[in-house]
2 protein chains.
Amino acid sequence: MILVDGQPQDTVPATDRGLLYGDGLFETIRFTGKSAPLWSRHMQRLALGCERLRLPAPDPALLWQETATVTRGMAEAVVRITLTRGTGARGYAMPADPCVTRIVAAFAMPALEAAPYRDGLRLHLCETRLAEQPLLAGLKHLNRLEQVLARAEWNDPAMAEGLLCDMHGHAISATAANLFAVVDGVPVTPALERCGVAGVLRAELLEALPRVEVRDLPLAECLRASELFLSSSVRGILPVQAVADKVFAPGPVARAMQAHWRELGFPMEQA
Amino acid sequence: MILVDGQPQDTVPATDRGLLYGDGLFETIRFTGKSAPLWSRHMQRLALGCERLRLPAPDPALLWQETATVTRGMAEAVVRITLTRGTGARGYAMPADPCVTRIVAAFAMPALEAAPYRDGLRLHLCETRLAEQPLLAGLKHLNRLEQVLARAEWNDPAMAEGLLCDMHGHAISATAANLFAVVDGVPVTPALERCGVAGVLRAELLEALPRVEVRDLPLAECLRASELFLSSSVRGILPVQAVADKVFAPGPVARAMQAHWRELGFPMEQA
């Protein structure tokens with residue numbers, strides 16, 4: 001079910017700036033029954049994104065009410081909230097008084113197998129590199145062609161994700177998840193001041209981990225980590241089994257973070 | 001009037017990848033009566049963009065027919081053609097067999113005053129810098145948040161455009177037009193291998209100018225040009241009068257290119 005500006009509807013105006021320019025933001029939120037354990041972090045990121053893109057921020061209470069409507073009767077769901085700068089005169093200039101388009105859509109939770117949680121994922125090493133744009137870095141905005149192109153680099157269904165670097169050869173993230181490496185015993189996650197999306201589960205882990213570094217992570221250093229794992233607010237904590245032909249084993253930090261994910265109230269597919 | 005996949009319609013599915021990810025391309029084409037003098041160049045760029053983004057390219061004859069329908073009865077019009085990768089499963093992976101969404105929309109031609117064509121435009125010098133992404137450079141794709149942010153830097157209605165640089169301080173373009181500078185007597189337009197949109201009027205001018213260089217153009221060099229002008233397939237050739245407080249006078253190359261624009265069959269507002 002989809003609500004557009006609160007009304008059951010499955011279309012948006014063809015003149016919406018979300019479509020014309022990718023002028024907007026989104027959140028992808030996992031629901032387990034009526035609960036969304038990372039809800040408040042999603043709302044925080046959305047509010048920050050609205051501020052940075054100068055979009056009027058919607059009331060989180062209204063969004064909660066609308067997500068309750070679209071997920072009614074679903075045991076497990078993924079809700080995508082999309083905000084755009086609505087319609088306006090043609091051209092890049094922001095309308096003086098924008099009327100934000102608010103799209104709240106529920107999707108069935110994709111089936112997750114236990115094996116990747118137990119044994120880890122194989123990652124393609126992407127040739128696509130993320131451009132550096134500090135004005136957009138960290139935001140979950142609607143300009144996602146880089147991720148689309150990166151994800152199109154491989155077809156092998158055994159590879160569930162790809163590892164993306166920036167133009168300087170720093171590891172940044174997967175195409176749709178954040179990256180953690182354990183280097184010399186210390187968990188590290190890449191700094192996202194120049195590119196990448198600052199995931200909400202990443203933010204959660206930055207508080208949950210007793211010690212963690214946020215810094216540039218050169219690919220070579222990433223590949224000599226004692227463990228690697230991905231964080232996704234939909235898929236949880238996924239250990240990395242291999243990046244191209246470099247092999248890793250799931251390690252204790254990933255296991256601890258999987259336990260943390262379960263403690264947040266998410267289900268147990270990552271047994 | 002708007003046609004979506006050939007049908008009169010003013011909405012698109014809320015699950016369209018153009019909206020979800022900016023996964024698509026567009027062209028903005030000026031019509032004067034039933035004629036679009038730069039049509040074949042627009043079609044060339046669109047075909048190249050489709051190839052680079054792995055989108056099935058539509059038949060130009062079909063697009064021509066649809067633009068004829070949407071512009072019927074309009075003396076002057078701007079047609080926006082938008083192509084997206086349609087709908088598909090959630091996630092960045094391209095659908096194996098994408099069903100492209102094709103949106104053809106006509107807008108009234110905005111009123112253009114003679115003064116800027118005669119005396120030149122004042123440009124804001126943008127702080128927003130264009131990120132460098134060779135995979136997307138040159139394309140008129142739907143990821144336009146940089147242009148939206150750049151255009152939001154100023155409100156002064158006397159400034160019609162802004163000058164954008166890349167992260168290395170090379171002048172690249174205006175927010176919605178290409179840039180030409182005359183340096184030591186030679187017309188130069190910035191190379192667009194790392195960022196920027198390769199405009200169709202720029203392509204036309206590259207053939208029309210007897211001598212022209214396509215290369216990196218450091219901002220300092222741009223600002224000591226003997227003349228500067230912008231090219232836009234909608235607005236034509238616009239001399240630059242000033243960039244911030246640096247003043248220019250419309251020069252002979254801009255005048256010659258304005259004459260060329262008229263010879264292409266466009267009207268005379270740039271008298």
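**Stop 1**

Strands (E, at least two residues) and helices (H or I, at least four) are DSSP runs, numbered from the N terminus.

The model is predicted: local features need pLDDT of at least 70, side-chain atom pairs count only at pLDDT 80 or more, and totals for chains, interfaces and linings use all residues. Residues are numbered from 1 along each chain as its sequence is written, chains are lettered from A and ligands numbered from 1 in the order in which they are written, and side-chain values use heavy atoms, with hydrogens and water left out.

**Stop 2: the neighbouring strands**

Next select β10(A), residues 178-183, which runs antiparallel to β11(A) and is joined to it by 3 bridges; strands count as paired if DSSP finds at least two bridges between them. Opposite A:Val188 stands A:Ala181. The hairpin has 2 residues between the strands, and A:Asp184 there takes a positive phi near 50°.

Then select β12(A), residues 213-215, which pairs with β11(A) in the parallel sense over 3 bridges. Its residue A:Glu213 is the bridge partner of A:Val188. Helix α6 (residues 200-208) carries the chain from β11(A) to β12(A) in a right-handed β-α-β crossover, that is, clockwise from the first strand over the helix to the second with the strands pointing away from the viewer.

**Stop 3: the domain interface**

Colour residues 2-108 as domain 1 of chain A and 114-263 as domain 2 of chain A, bounds that come from an automatic or database domain assignment. Together they bury about 1,700 Å², 61% of it on carbon and sulfur atoms; buried area is the accessible area (1.4 Å probe) that two parts lose on being put together, summed over both. In domain 1 of chain A, select A:Arg41, A:Arg45 and A:Arg52, which lose the most area to domain 2 of chain A, together 38% of what that side buries.

Finally, which residue forms a salt bridge with A:Arg41? The partner is A:Glu204, with the closest N and O atoms 2.8 Å apart. A salt bridge requires a side-chain nitrogen of Lys or Arg within 4 Å of a carboxyl oxygen of Asp or Glu.
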